[in-house]
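Welcome, and please have your viewer open. Follow the stops below in order, selecting as you go.

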Amino acid sequence: MIITRPVTVLSPSDKILRAARDRGLSAPVHRNEPMAPHTSLRVGGPVDLFVQALTLEHLMGWVTLARDSDMTPLLLGRGSNVLVSDEGVRGVVIENDCGAYELRVHGNNGGQSATLYAESGASLPGLAYRTARQGWAGLEWAVGIPASVGAAVVNNAGAHDGDTGSALRQVTILGERSTVYRVSPEDLDFGYRRSRLKGNRCCEIVLSAEFDLCREDPRQLASQMARYTEHRRRTQPSEPSVGSIFMNPPGDNAGRLIEACGLKGTQIGGAMISPMHANWIINTNGALASDIMGLVDLMREEVHREFSIKLELEIEPIGEWQRR
Ligand SMILES: Cc1cc2nc3c(=O)[nH]c(=O)nc-3n(C[C@H](O)[C@H](O)[C@H](O)COP(=O)(O)OP(=O)(O)OC[C@H]3O[C@@H](n4cnc5c(N)ncnc54)[C@H](O)[C@@H]3O)c2cc1C
């Protein structure tokens, strides 16, 4: 008599979870996790596997595991520059919760300069506040940008005449073949809201960054940061958003162009082009990602029709969009 054993067919998620167990990767993992709570726009459907990497070791382990399993991992910082589709994301999203940092002061007697080392999941505005309070200047421009350090490097996040590329000393990267190497800011080819890492779909991942800081009166830093915060309060909406939708075209301003098309306040479903700032879309009431994308398309089409200017997205659509 031949006894046949039932064959268990493992899903890709089951396979990767089994492999994670074999490699001793114990970071918290959630199946079919909705992405909306993990993005500043509060939209986005479920991801197959959502991993919270609390240490750089786990982050590297999960990235390598996903690549070994032929899945491109998507690394998420604070989710403040992504528009995740309603259909969600197939594969693995790794949330970067590696937030350790260290201030290294140079010289004796308190020193006049310092290097700030930060893991890539650290909050950039959080670091700006903490270092300024201790009398270190260099990151005060970042006070209102809800970025993780890693994504701030990728996007060259900036405001108030400062940006990430100009503040950096060096960056540590996990490369495509899981090699770890350091690069200088010159190697990253920084430009307006871009670096050579942008759009490379996590082939190179920022593990940590080092920033140059210098001594400054903490009271002066505090009042400068208060001015920046007040300026944002007056000019930017407070509802859930993803910041500026489009980059400014050379010599012009995306908000001005969209406003000139009369689009302020236009609504699709629960999404609205902000009456306060035309280059921002706000989630007023349970918006779908498709509502937001509908407004993005409208803004782009109207500006092209009126001014023959092609606006380029600053935000990144993520996930399954083909069914829209
Ligand atoms: C209210 C508001 C105000 C804003 N103001 C500004 C502003 O003044 N200036 C500005 O520049 N931006 C601004 N932004 C946009 C946004 O905060 C920045 O683009 C920021 O850099 C995104 O950081 P994040 O951690 O949220 O990235 P996420 O949205 O999580 O990720 C963005 C991209 O970076 C990739 N990524 C994330 N981490 C890493 C990593 N470690 N290595 C490699 N790739 C990685 C992701 O895969 C994704 O492709 C604003 C957004 C909001 C919501």
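How many residues of domain 1 are in contact with domain 3? To find out, colour the chain by domain: domain 1 covers 12-96, domain 2 covers 101-225 and domain 3 covers 238-318, with bounds taken from an automatic or database domain assignment. In domain 1, 14 residues are in contact with 15 residues of domain 3, where contact puts their C-beta atoms, placed from the backbone, within 7 Å. On the domain 1 side, strand 4 (residues 82-84) gives the most, with three residues. That side has seven nonpolar, five polar and two charged residues; nonpolar here is Ala, Val, Leu, Ile, Met, Phe, Trp, Tyr, Cys and Pro, charged is Asp, Glu, Lys and Arg, and polar is the others, Gly among them.

A note before moving on: this is a predicted model, in which local features need pLDDT of at least 70 and side-chain atom pairs count only at pLDDT 80 or more, while totals for chains, interfaces and linings use all residues. Residues are numbered from 1 along each chain as its sequence is written.

Next, select the ligand. Of the 33 residues around the ligand, G77, S80, G150, A151 and G243 come nearest. Helix 4 gives the most to this shell, with five residues; helices are DSSP runs of H or I with at least four residues, strands are E runs of at least two, and both are numbered from the N terminus.

Finally, pick H277, in the loop between strand 16 (271-273) and strand 17 (280-283). H277 counts as partly exposed because it has 19 C-beta neighbours inside 10 Å, while buried takes 20 or more and exposed 12 or fewer. Now show T235, Q236, P237 and G255, which H277 touches, not counting residues up to four places away in sequence.

Key. Near = placed C-beta within 6 Å. Contact = placed C-beta atoms within 7 Å.
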